[in-house]
Amino acid sequence: MSTLAKAMSKFRLAVVQLQVGAVKADNLSRAKRLVKEAAGRGGNLVLLPECFNSPYGTSFFSQYAERIPGESTELLSEAARENQVYLVGGSIPEEDGGKLYNSCIVFGPDGKIILKHRKIHLFDIDVPGKIRFQESETLSPGDTLSMFETPFCKVGVGICYDIRFAELAQLYSRQGCQLLVYPGAFNMTTGPAHWELLQRARAVDNQLYVATASPARDESSSYVAWGHSTVVNPWGEVISKAGTEEEVIYADIDLQYLADVRQQIPITAQRRHDLYSVTSVQRGNS
């Protein structure tokens, strides 16, 4: 392998676990500061959490919603450009055509928007005695798969509840993604039960890296996020994990290691396409 190829086979991922409050301007200022911090520590790709600019909840989405471009995305554009990083902008409530979406915007190092992913699977659950939440009361679902290219690898994007759907991750992997990123805000019921389990499952199923970015935990909030932003490698090992408070975690993504895992356990070549298949009914954003 050439020196250049070796250099390009590794890059640093930074995951920002942001403390999100009720004041949008404060959330944006804190996010911009932490993106700068992440870039200063070598982050090539920076990931923000779900609803990084607003509290998470159906009563907040319309209040904090923006058109794109707008205040939050303009700040993210500046942060990406000033720090020369790929920036996965967590998600924000987006207003478009009278509808609200939970949307993730990705920026290149030049500050230009390269992707918009609208959350495909809305978070509608009812666990008796523990939690009931219905995103569909206010939000509309997206209808596209979302991938983007970097000089390092192709990246697939999902938002929170999207991670529960193994088919989405498999389609991303089949399209050449080697890293999946999920801004997410699991709660105090689903977090301890499934947060890490789902990430490790998606990583092992598809032999790729999986990263999640959660808001920091705020016990006083109406919706208490689990925290514990995480990065998992293709072997299913947790290689970086946050606690519950605001912090930035880092992981060195090693694509040669990914290739080695796929060679050692060659499940891609061993799939029985004569017996089963997972297919996409439309082409994704890429």
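## Starting from Gln-17

Let's begin at Gln-17, which sits in strand β1 (residues 10-17); helices here are DSSP runs of H or I with at least four residues, strands are runs of E with at least two, and both are numbered from the N terminus. Before going on, a word on the ground rules: this is a predicted model, where local features need pLDDT of at least 70 and side-chain atom pairs count only at pLDDT 80 or more, while totals for chains, interfaces and linings use all residues. Residues are numbered from 1 along each chain as its sequence is written, and side-chain values use heavy atoms, with hydrogens and water left out.

Gln-17 is buried, with a relative accessible area of 0%. Buried means under 20% relative accessible area, exposed means over 50%, and partly exposed is in between (1.4 Å probe, protein chains only). Leaving aside residues up to four places away in sequence, Gln-17 touches a set of residues including Ser-214, Pro-215, Gly-227, Thr-244 and Glu-247. Contact here means heavy atoms within 4.5 Å.

From there, on to the nonpolar interior. A nonpolar core is a set of buried Ala, Val, Leu, Ile, Met, Phe, Trp, Tyr and Cys residues joined through side-chain atoms within 4.5 Å. The largest one has 48 residues, and Leu-45, Phe-148 and Leu-179 touch the most other members. Strand β11 (residues 177-183) gives the largest share of this core, five residues. Leu-45 has among its contacts Phe-11, Leu-13, Tyr-86, Val-88, Phe-148 and Leu-179, again not counting residues up to four places away in sequence. Apart from that core lies another, of 24 residues, with Val-20, Leu-34, Val-35 and Tyr-250 among them.

All five of the five β12 residues are buried, so the strand is largely enclosed by the rest of the structure. In a regular strand the side chains alternate between the two faces of the sheet. In β12, Tyr-209, Ala-211 and Ala-213 point one way, Val-210 and Thr-212 the other way, and all are buried. β12 pairs with β11 in the parallel sense over five bridges, where two strands pair if DSSP finds at least two bridges between them. Leu-180 has Val-210 as its bridge partner in β12. Together, β11, helix α6 (residues 190-206) and β12 make a right-handed β-α-β unit; right-handed means that, with the strands pointing away from the viewer, the path from the first strand over the helix to the second runs clockwise. β12 also pairs with strand β13 (residues 230-232), antiparallel and over three bridges, and there Val-210 has Val-232 as its bridge partner.

Another enclosed strand is β5 (residues 99-107). Eight of its nine residues are buried, so β5 is largely enclosed by the rest of the structure. Which strands run alongside β5? Strand β3 (residues 86-88) is joined to β5 by two bridges, antiparallel, with Phe-107 in β5 as the bridge partner of Leu-87. β4 is joined to β5 by five bridges, also antiparallel, and strand β6 (residues 113-118) pairs with β5 in the antiparallel sense over five bridges. The β4 and β5 hairpin has two residues between the strands, and Gly-97 in the turn has a positive phi of about 60 degrees. The hairpin of β5 and β6 has five residues between the strands, and Gly-111 takes a positive phi near 85 degrees.

Asp-96 stands opposite Lys-99 in β5, and the side chain of Asp-96 also meets that of Arg-67 in a salt bridge (3.4 Å, N to O). Asp-96 lies in strand β4 (residues 92-96) and Arg-67 in the loop between α3 (58-64) and α4, so the pair ties together parts that are 29 residues apart in sequence. A salt bridge is a side-chain nitrogen of Lys or Arg within 4 Å of a carboxyl oxygen of Asp or Glu, and by this rule the count comes to 20.
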